[in-house]
Amino acid sequence: MSNQFIHGIIKVNSTFICAITFVYASNSHVERQILWNNLIAIADTINSPWEILGDFNCCRSVDEKAGGCALTSSRLGDFNRMIFNSGLQDLSSVGHFFTWHNQQHLNPIHIKLDRVLINDKWLLNYPNSFYKVADPDCSDHSPLLLVNSTDSKRGHRFLYKNYCTKFSEFWSCLMDVFAAPNKSSPLSAFNYKLKSLKNSIKNKTWSNANTIQTEIDSLRAQQSNVINQIQSNPLDPQLNSNLKTINSKLAHYNTTLTSWIFQRAKVSWLTHGEDDLKFLYTKINITKNYNRIKEITNEQGTYSTHSDIAKVFIQHFNNLFNSSTTGIRQGCPLSPYLFSIIMDGLSTSFDLAVANKSFDGISADSCEVTHLMFADDLLVFGSATTANANTLNSILNNFASVTGLKVNPQKSSIMLSKNSPQDVEICTILNVQQSHNPIKYLGLPIFYKKLKLKDFQPLLNKITNHLEGWKVKTLSFAGRIQYIKFTICNTIAYWIRGSIMPKGVSKKINRMCSRFTFFGNINQKKLFTVSWKNTCTPKQIGGLGIPSIDSLYHNYACSVIWRFLNSSSLLFCWWRAKYYSLWNFTLANKAPYWDFLCKKACHIKKLHFFLYNPELQPLCYLGPLVWGEFHC
């Protein structure tokens with residue numbers, strides 16, 4: 001205890017509840033430094049739920065103050081460093097945002113000085129807790145009311161055990177449940193059958209791990225009894241046969257129990273994490289705490305329990321949808337289905353224009369493409385002529401007059417091939433600006449030319465932000481490896497699907513990942529004892545198992561080649577019509593991405609063989625695949 005805080009513990013009937021610290025920080029910056037150091041020292045001794053609440057006489061960010069002098073970053077930094085070094089987090093709150101007012105109407109100041117801080121142990125024990133900033137009474141500070149969820153705990157949830165597949169009864173239950181005909185929609189029927197399968201499995205003795213342990217204990221007793229009998233009659237065939245049978249059953253049940261222990265350990269690790277990922281799991285838990293609805297207020301009052309909040313929502317949407325006479329509102333579950341029906345009408349308009357030969361799409365052999373749709377985005381392909389532009393403008397205007405859905409010129413772009421003679425007239429007819437640079441679609445740059453290094457700057461910025469946000473203190477060496485494998489590599493893999501990176505981009509990414517992995521800092525320049533190329537090799541040959549950019553390209557290219565040979569989707573039908581084969585080297589003008597796939601196909605050519613099924617229709621595009629070398 002000091003003149004700035006009181007620290008203690010809360011017990012109920014001799015049962016420890018939590019540690020608690022009440023704070024009333026000084027107005028002096030120097031004295032608050034003493035308080036911050038004391039709280040850090042207390043944090044080192046706490047291994048239980050802990051909360052710190054009160055008036056800290058300081059806030060965490062500039063947006064927590066309105067009016068008066070601007071806040072200085074140094075004082076905010078001291079408070080934030082104390083919170084970070086102590087492993088604390090802000091508890092979520094409801095009610096007012098600002099907690100103090102200077103009571104002046106000419107020069108008002110509102111600031112968040114009061115708050116509740118908690119540690120990760122608190123989140124594990126009281127994940128649904130929050131505090132309420134109430135109306136001030138006799139003080140210029142708003143009171144803080146700590147609330148823990150009063151929701152009743154649900155029963156133990158059903159956990160499927162992987163070892164169930166080793167029992168023949170499981171497959172009988174599975175076949176009986178899923179052989180029944182559907183009595184509702186496919187999704188509803190699937191959900192009902194899963195519940196039925198769960199109930200069927202729960203009634204089986206082998207689904208209980210305690211039963212497995214009991215069976216192991218019984219088999220061990222039988223094993224011990226038989227072994228004792230064998231000591232006096234070692235050549236008895238019946239005893240040796242019994243021992244073999246018992247040992248076989250014991251090995252089966254031990255394997256079953258081990259599988260369950262491993263599965264349970266994985267669930268525990270995914271739920272609570274470990275020391276290397278402590279910071280990450282704390283962030284996940286505090287995000288869950290913030291994303292939960294604690295209170296809701298309507299005309300009838302304020303509700304805080306789970307059941308009352310659910311009733312308020314149900315009643316609100318009942319009134320919203322049942323009393324509305326203005327059509328479907330935004331957010332209605334029917335909205336995406338109705339939108340799909342309307343957009344299908346637009347697609348039909350393009351098909352009719354092609355049938356009437358008033359719109360000329362792009363074609364290769366018998367495959368013609370005029371448009372692609374994704375959600376509310378529309379991509380139109382066609383010849384760069386004023387006739388096509390007039391037809392397209394007519395289709396869009398008719399669609400807008402019927403449905404009320406209009407094209408936004410500010411969010412639209414048109415890309416024309418080089419040396420197009422009617423580019424100005426086309427842009428004028430469509431009232432859309434021509435784009436001379438790559439446009440971004442679904443986060444990736446799209447252009448008819450080969451992408452340059454500057455086009456990948458968003459990717460480099462994103463990776464830089466990811467790696468600079470994870471400091472050495474947060475992740476260990478093993479944690480950094482996992483972060484590279486499952487966060488950075490997934491980001492790179494998404495870009496690989498739609499573009500070919502220049503070598504300069506790959507070098508920059510490799511350099512940042514290497515520095516982050518070995519030193520924890522992408523800006524730190526040190527001598528590497530192991531090259532990044534050797535690091536990105538499988539663990540069996542001495543690497544760390546991190547996929548390299550080349551391996552990601554190789555994997556995706558092989559996947560695309562496989563789909564080119566087997567899929568009937570529009571993209572692969574177009575490629576087959578335009579290029580005929582991945583091994584066709586007679587083409588002069590090939591797109592960069594297709595050229596990349598052809599080179600990869602030649603590289604893996606010797607690893608492919610094709611089986612011919614006489615019952616199926618021959619695939620004409622497989623003819624020149626291997627240039628005279630067809631393997632059956």
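A salt bridge here is a side-chain nitrogen of Lys or Arg within 4 Å of a carboxyl oxygen of Asp or Glu. By this rule the count comes to seven salt bridges. The model shown in every view is predicted.

**View A. Salt-bridge network of Arg-60, Glu-64, Asp-90 and Arg-115**. These four residues are linked in a network of salt bridges. Asp-90 pairs with Arg-60, and their closest N and O atoms are 3.0 Å apart. Asp-90 counts as buried because its relative accessibility is 11%, under 20%. Arg-60, in contrast, is partly exposed, with a relative accessible area of 25%.

**View B. The salt bridge between Arg-115 and Glu-64**. The closest N and O atoms of Arg-115 and Glu-64 are 3.0 Å apart. Distant parts of the chain are again linked: Arg-115 belongs to strand E9 (residues 114-119) and Glu-64 to the loop between E3 and E4, the two being 51 residues apart. Arg-115 is buried, at 1% relative accessibility. Glu-64 is also buried, at 8%.

View C. Arg-81 is partly exposed, with a relative accessible area of 48%, whereas Asp-78 counts as buried at 15% relative accessibility.

**View D. Side-chain contact of Gln-4 with the backbone of Glu-31**. Gln-4 is found in the segment before strand E1 (5-12). The side chain of Gln-4 reaches the backbone oxygen of Glu-31 at 2.8 Å. Gln-4 has a relative accessibility of 7% and therefore counts as buried.

**View E. Leu-416 and Cys-427**. Leu-416 lies in the loop between helix H11 (386-403) and helix H12 (423-430). With a relative accessible area of 7%, Leu-416 is buried. Leu-416 and Cys-427 are 11 residues apart in sequence, and their C-alpha atoms are 9.8 Å apart in space.

**View F. Positive surface patch of Lys-418, Lys-449, Lys-452 and Lys-454**. The patch is formed by these four lysines. One of them, Lys-449, lies in the loop between strand E19 (444-446) and helix H13 (457-468). Lys-449 is partly exposed, with a relative accessible area of 44%.

**View G. Nonpolar surface patch of Leu-334, Tyr-337, Leu-338 and Ile-341**. Together, the four residues have about 450 Å² of accessible area. Ile-341 lies in helix H10 (residues 335-355). The relative accessible area of Ile-341 is 58%, so this residue is exposed.

Key: Residues are numbered from 1 along each chain as its sequence is written. This is a predicted model: local features need pLDDT of at least 70, side-chain atom pairs count only at pLDDT 80 or more; totals for chains, interfaces and linings use all residues. Side-chain values use heavy atoms; hydrogens and water are left out. Patches are made of residues with over 30% relative accessible area and no salt bridge: like charges are joined within 9 Å, nonpolar side chains (Val, Leu, Ile, Met, Phe, Trp, Tyr) within 5 Å. Accessible areas come from the Shrake-Rupley method with a 1.4 Å probe; for residues, only the protein chains shown count as cover. Lys and Arg count as positive and Asp and Glu as negative; His and the chain ends are not counted. The place of a charge is taken as NZ of Lys, CZ of Arg, CG of Asp or CD of Glu. Helices (H or I, at least four residues) and strands (E, at least two) are DSSP runs, numbered from the N terminus. Buried means under 20% relative accessible area, exposed over 50%, partly exposed in between (1.4 Å probe, protein chains only). A polar contact is a pair of N or O atoms within 3.5 Å; within protein, one must be able to donate a hydrogen and the other to accept it, and residues adjacent in sequence count only if both atoms are side-chain atoms.
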